[in-house]
Each structure stands twice: as structure tokens, then as C-alpha cells.
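User: I have a chain open and would like to talk it through with you. Could we go over it piece by piece?

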Amino acid sequence: MASTEDRRILRTQKKLKTALLDLLKEKELHELSITEVAKHAECNRVTFYSHYKDLNALLGAIVDDHLEGLVSYFRKSFQDKTRFSSTDVQRHLPIFDYIYQNQFVFSLIIKGEVLPGSQNQFCESLIQVSSTELRLEEKSDIEIPTLNYFMTYGSLGFFLYWIKENYKESPETMAKKLAVLHGRMYEGSVVVEDGK
């Protein structure tokens, strides 16, 4: 019985998330009402409030879902590797593929105009993985956390440019460009096993 209820809850939450994203393609968040989103999701306000406090909470859940997906794709980039070169395009490609597949949501996240702080969430999710699961192969005069923040927030500008250009370049092309930039900053990284 509980699993049926869980599936029903997840299905309702998915419908609400889809409804909000559909409506955000037509209107700004501040122009939307909970009633409008609930109606588009084919449910009512009471159902909405049983899952989310307000539209910002719903949008926050959408952002969280997509950042979890991004982290999963980031991990795929070094899965089954012990080391990789900073210029390895295949290491950057999964992130670009995931963002490209979810252009609308990542435009909202990376621009940071709809949900304040979403840019930081984007960067911090990548920093969390790189700071705990990767380390530089060579010695550096710069502390690793400093380098992590510099490269991740610098990459944010790179993603903003891609969005501004309406994702004109393919994920492969963008991954190549980012690999070149990273190659100028460090040689390679080693995958850390179990936090060692």
C-alpha cells in the first residue's frame, strides 16, 4: 500500500513540476499563481499545498532534481577511471550533454534570474564532487579549494555564454573549448577512492 501511495505522490509532484515549467515558458514566475499551476497539473490548491509551500519551493525542487542529475552526469565523466587529463574532452562532455538535454531548466538555473542563489547551487554541487572525489595529479602553489572555486565559477561564465548564444554550439564543441581552458590551468586529476 505504501509503495502505491509513494508512486502517487511522486506522480503528483512530477505533474506539478511539469506544469510550472510549461507555464514558465509563457510567463514570469511572479505572474503565476498556485491556482494556475495546480489547474495546469490537473489538481487543486489543496493538493499543491500538501506538497509545496509556494511556487518558489516547487521551483526549488525542480532545481534540486536537475542539480542531482548534473552531479550524476559529472560523476559519469570520471567513472571507471583512475586518472584523466585536463584536456580530455570526454571528461567534460557528460555535463554539456546533460545541460543541453535540459536547456530550459539550466537557463533558469545558470542565469539565476528566477530563483536567486541558483547559480551558487549549480557551482557548489560541482565543487562538492570535485573537492571530495578528485585531486590534482601534480603539485600546485595554489590551494586546491581555491583552484576548485576559481575553475567552477569561471566555468559558470562559460555556461552563461553558451546560453546567451542560445546553445548554438554542440555539447562536443563546448566540451572541447572547456578542455582547452582547463588544460591551461592544470595537467590532470586523479580520482580519489573512498575519500582517501
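User: Starting with M185, is that residue buried, partly exposed or exposed?

Analyst: Keeping in mind that this is a predicted model, M185 counts as partly exposed, because its relative accessibility is 36%, which lies between the 20% limit for buried and the 50% limit for exposed.

User: And where does M185 sit in the chain?

Analyst: M185 lies in the loop that runs between helix 9 (171-183) and strand 3 (188-191).

User: Switching to cysteines, how many disulfides turn up?

Analyst: Zero disulfides are found in a search of the whole structure. As for individual cysteines, C43 is partly exposed at a relative accessible area of 22%, whereas C123 counts as buried at 0% relative accessibility.

User: What about the overall fold, how many helices and strands are there?

Analyst: The chain has nine helices and three strands, which follow one another along the sequence as α-α-α-α-β-α-α-α-β-α-α-β. Its C-alpha atoms fill a box of roughly 55 × 40 × 25 Å along the principal axes, and buried residues account for 44% of the 196 residues.

User: How far does helix 4 reach from its first C-alpha to its last?

Analyst: Helix 4, with 22 residues (55-76), reaches 32 Å, close to the 32 Å expected at 1.5 Å a residue.

User: What happens at the start of helix 4?

Analyst: There, a side-chain oxygen of D54 comes to within 3.2 Å of the backbone nitrogen of N56.

Methods
Residues are numbered from 1 along each chain as its sequence is written. This is a predicted model: local features need pLDDT of at least 70, side-chain atom pairs count only at pLDDT 80 or more; totals for chains, interfaces and linings use all residues. Side-chain values use heavy atoms; hydrogens and water are left out. Helices (H or I, at least four residues) and strands (E, at least two) are DSSP runs, numbered from the N terminus. Buried means under 20% relative accessible area, exposed over 50%, partly exposed in between (1.4 Å probe, protein chains only). A disulfide is a pair of cysteine sulfur atoms within 2.5 Å. The expected span of a helix is 1.5 Å times one less than its number of residues. A polar contact is a pair of N or O atoms within 3.5 Å; within protein, one must be able to donate a hydrogen and the other to accept it, and residues adjacent in sequence count only if both atoms are side-chain atoms.
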